[in-house]
Amino acid sequence: MLNILLVSELLSSPKKTPKHDKSTPDPLAPPALTTFSGRAGLGAYTAAPESFPASRVISYNDDFVVINDLYPKSSIHLLLLPRRLDKQLLHPMEALQDPEFLSSIQQEVRKVRLMVARELQRRFGKFSVKERGRENAREEALNGTEEIDESTLPSGRDWDKDVISGIHTHPSMSHLHIHILSRDRHSECMRHRKHYNSFATEFLVDVEEFPLAPQEVKRRLKAGFLHDDLVCWRCGRSFGNKFAKLKQHLEKEFEEWKTE
């Protein structure tokens, strides 16, 4: 099972996984690390995660690797990479139709979502009205003589609601990967309409929606979501095809979102 790291451990050195005995080549092993480039670039992480710094590979075990996206489209953007050789080069719509494999993916996505939620709280909790309300109530209780009853404190902010996750209907990379990211879309790497719509439309399919019916798979694959009008994820305002105006608007939304 994939370890869930505390946010304070996000930059710690990942644990190493057992290596094959080099004297006996493994016929099922993926190609050498140097062959991974272009669309196959993610294969380098699943083949040898121990060769990357902790700033890139957050955690890994025999089944999964979790990395920071090289070109994040939100303030936090992670990728979950399955290591099963019989699945990693399949289209996600095909790979996730396997019930057993799907279940394992869904479980790991939930764990990584928790990781992202904790990091959101660490980064932005000080700006949140709901978080400050809970902390203020806790401090007041600590100043009293009775023990704190957690059930009586304000609930605070549900950071998991600020996390989105899923696969793309037409992935840009060959190896199977699942996106787990904060919903703010606040990033210098968010540079054009297709970038935005790949996470703001049905182009992103939540793994919890699987297994999909055959007709739904066909609909998702045929639809041109990337060319849809740009719509703010937070307020619903439409910007047509004016990405520059949307980008400016998102800066304002980001600052307001942090204070919720």
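This is a predicted model: local features need pLDDT of at least 70, side-chain atom pairs count only at pLDDT 80 or more; totals for chains, interfaces and linings use all residues.
Which residue stands opposite L79 in β3? I67 does.

Six strands make up an open sheet, and the order across it is β1-β2-β3-β5-β4-β6. The pairing is antiparallel. Here is the background. Strands of a sheet pair through backbone hydrogen bonds, either parallel or antiparallel. Now the edges. They are β1, residues 57-60, and β6, residues 204-205. Each of these edge strands pairs on one side only.

Helix α5, residues 193-200, packs on this sheet. The helix touches β3, β4, β5 and β6. Its direction makes about 105° with that of β4.

Back to β3, the strand that holds L79. On one side, β3 is joined to β2, residues 64-68, by 5 bridges. Those two strands run antiparallel. β3 also pairs with β5, again in the antiparallel sense, over 4 bridges. So what does L79 face in β5? L79 stands opposite H179 there. Stay with H179 for a moment. G166 also stands opposite H179. That takes us to the next pair of strands. β4, residues 163-168, is joined to β5, residues 178-182, by 4 bridges. They run antiparallel too.

How many of the residues of β3 are buried? 6 of its 6. Look at which way they point. In β3, H77, L79 and L81 point one way. L78, L80 and P82 point the other way. Both sets are buried.

Next, the helix α3. It covers residues 99-124, which is 26 residues. From its first C-alpha to its last, α3 reaches 37 Å. That is close to the 38 Å expected at 1.5 Å a residue. What caps its N-terminal end? D98 does. A side-chain oxygen of D98 lies 3.1 Å from the backbone nitrogen of E100.

Is R113 buried or exposed? The cut-off for buried is under 20% relative accessible area. R113 has 14% relative accessibility, so it counts as buried. Its side chain makes a polar contact of 3.0 Å with the side chain of S165. Setting aside neighbours within four places in sequence, R113 is in contact with D160, V163, I164, S165 and I180.

Take D184. Its relative accessible area is 1%, so D184 is buried. Which side chains does it meet? A polar contact of 2.8 Å links the side chain of D184 to that of S75. Another, of 2.6 Å, joins the side chains of D184 and S182. Beyond its neighbours within four places in sequence, D184 is in contact with S74, S75, W233, F254 and W257. And one distance to check on the screen: the C-alpha atoms of D184 and V163 are separated by 8.8 Å. Those two are 21 residues apart along the chain.

R185 is buried as well, with a relative accessible area of 7%. Its backbone is worth a look. R185 has a positive phi of about 50°, although it is not a glycine. For context, most residues other than glycine have a negative phi, and most peptide bonds are trans.

Where is the cis peptide bond? It joins F210 and P211, with omega about 0°. P211 sits in the loop between β6 and α6, residues 214-222.

Last, the cysteines. How many disulfides does the count come to? The count is 0. C232 is buried, at 2% relative accessible area. C189 also counts as buried, at 16% relative accessibility.

To close, go back to the opening pair. L79 has I67 opposite it in β2 and H179 opposite it in β5.

Technical notes: Residues are numbered from 1 along each chain as its sequence is written. Side-chain values use heavy atoms; hydrogens and water are left out. Two strands pair if DSSP finds at least two bridges between them. Contact means heavy atoms within 4.5 Å. Axes are lines fitted to C-alpha atoms, for helices over the stretch in contact, and angles run from 0 to 180 degrees between N-to-C directions. The expected span of a helix is 1.5 Å times one less than its number of residues. A polar contact is a pair of N or O atoms within 3.5 Å; within protein, one must be able to donate a hydrogen and the other to accept it, and residues adjacent in sequence count only if both atoms are side-chain atoms. A disulfide is a pair of cysteine sulfur atoms within 2.5 Å. Buried means under 20% relative accessible area, exposed over 50%, partly exposed in between (1.4 Å probe, protein chains only).
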